[in-house]
Structures are given as structure tokens and as C-alpha cells.
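Dear colleague,

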Amino acid sequence: MKKIKLNTLTLDLWDSMSMPAVADNWFNYYLINQSGTGSTIEDVRRHYSGAILRLRSDDLAGAVIELENADYTLQNMAMNFNPLHCAWACLIATIDSEPLKSYDHDYLMEIVERCSADGLTAAILNESLEDVKKNSNQSSSTSFLSTESEWIDNPSPEWNEDVNTLLRRVNVSLTPKTKKRRPKKGRRS
């Protein structure tokens, strides 16, 4: 257990080895959500860039998935939902000796807001996650997925291509080709 003292709140955080199975399942669920969709404008850009690259390689189905993930990310942003913050909240064993009541994202976001109002910073949150990440090498249950994709490590020169160009390409790619009508056999005009 790690103890964090905010202004008035005291948090006891699980480490990867002592985390209860239910907390570990929810923790991984939120990490996967963050990895797959995300909650920042950088995540939206990552999905659009991935869609552009998939379109260039004629992977229309993959491009559609990337665009859907971009939409989910925009929804997360609109709802002020950050899966990484929820993952961090799953690490909390107790707040002022009171255990968490639920791992529901609404409840966890309330916890994050309460802690933020009492002095929780992004640095404290990220440090706590890094501590668990370091210790997770010893644990077989806690997963840390990379939010990076191959194409982020090797961005194309067109990385900054704008969304309107992408949408025009999708529309062109999705437009069905019409067949030319052939005259019926035996009839001549």
C-alpha cells in the first residue's frame, strides 16, 4: 500500500501485488478503454491519422474502425470522461479509511473530482500509475497497454493532413460504382 496525503484527504493506494481481483479487472478495463479510444485531442488526432494511413493502404474497414474510435474519443471528451483517471481511482483502497463503494465510471470520476479539489494533481496521478506500472513486472495480472501504434512511431509525411481531406476520401471510397446499363439482347434501337 502507498499512502498519499492531499490537503485534507488521506488515500491508501493498492499496488499491483495487493490489488483485489475486482479492482484489478476494472483497472485493466479502464486502461484498455484509454488505449483503444482515449480522451484527448491527441487521441482524436491519432485515430484520424490511423484512418488516413489505412485509407492509403486500401484498408477501408480499418479506416472505418479508426473513425469510429475517433468518434468515441470525442464523446469521452464531451462527457469529460477520462478512462486513465478512472484507472487511477481503481487503485484507491481507502479515502480517509473509507473503502471505495463502486468501480462505476461516474462514481470514480466523482472521486477524482473530489481528490482534485483537495490537491490531486496530474503529476501525483501519473506518478501513482507509474509506480504500479514498475511493480507490475512482478505481477501477472495487471496489464499496461501501449497507447502508441506502429504508425505513431513512424509517422508519415502526411501526418498533418486535415480532416476534410480525410472525409472527402472516405466519401469517395464509400461511393458505390454504378454499372453501365447494357441493352437487352435482341433489341436494337
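**How two helices pack**

Helix α1 passes helix α4 in a left-handed crossing, a term used when the near helix is turned anticlockwise from the far one by less than a right angle, with clockwise counting as right-handed. Please keep in mind that this is a predicted model, in which local features need pLDDT of at least 70 and side-chain atom pairs count only at pLDDT 80 or more, while totals for chains, interfaces and linings use all residues. Residues are numbered from 1 along each chain as its sequence is written, and side-chain values use heavy atoms, with hydrogens and water left out.

Helices here are DSSP runs of H or I with at least four residues, strands are runs of E with at least two, and both are numbered from the N terminus. Two packed helices are described by the angle and the distance between their axes. The axes of α1 and α4 (residues 83-90) come within 8 Å and cross at roughly 165°, where axes are lines fitted to C-alpha atoms, for helices over the stretch in contact, and angles run from 0 to 180 degrees between N-to-C directions. The two helices are therefore roughly antiparallel, the word for angles over 145 degrees.

In contact, meaning heavy atoms within 4.5 Å, residues of α1 including Trp-26, Phe-27 and Tyr-30 meet residues of α4 including Leu-84, Cys-86 and Cys-90.

**The cysteines**

The structure holds zero disulfides, a disulfide being a pair of cysteine sulfur atoms within 2.5 Å. For Cys-86, the closest cysteine sulfur is that of Cys-90, at 7.0 Å, which is too far for a bond. Cys-86 is also buried, with a relative accessible area of 0%, where buried means under 20%, exposed over 50% and partly exposed in between (1.4 Å probe, protein chains only).

**Residues in loops**

Met-19, in the loop between β2 (10-13) and α1 (21-36), is buried as well, with a relative accessible area of 9%. Its contacts include Trp-14 and Leu-91, and its C-alpha atom is separated by 10.0 Å from that of Val-132, 113 residues apart along the chain.

Most residues other than glycine have a negative phi. Asp-96, however, has a positive phi of about 50°, and it lies in the loop between β3 (92-95) and β4 (98-99), partly exposed at 35% relative accessible area. Ser-97, found in the loop between β3 and β4, has a positive phi near 70° and counts as exposed at 62%.

Conventions: Angles under 35 degrees count as roughly parallel, over 145 as roughly antiparallel, 65 to 115 as roughly perpendicular and the rest as oblique. Lists of a residue's contacts leave out its neighbours within four places in sequence.
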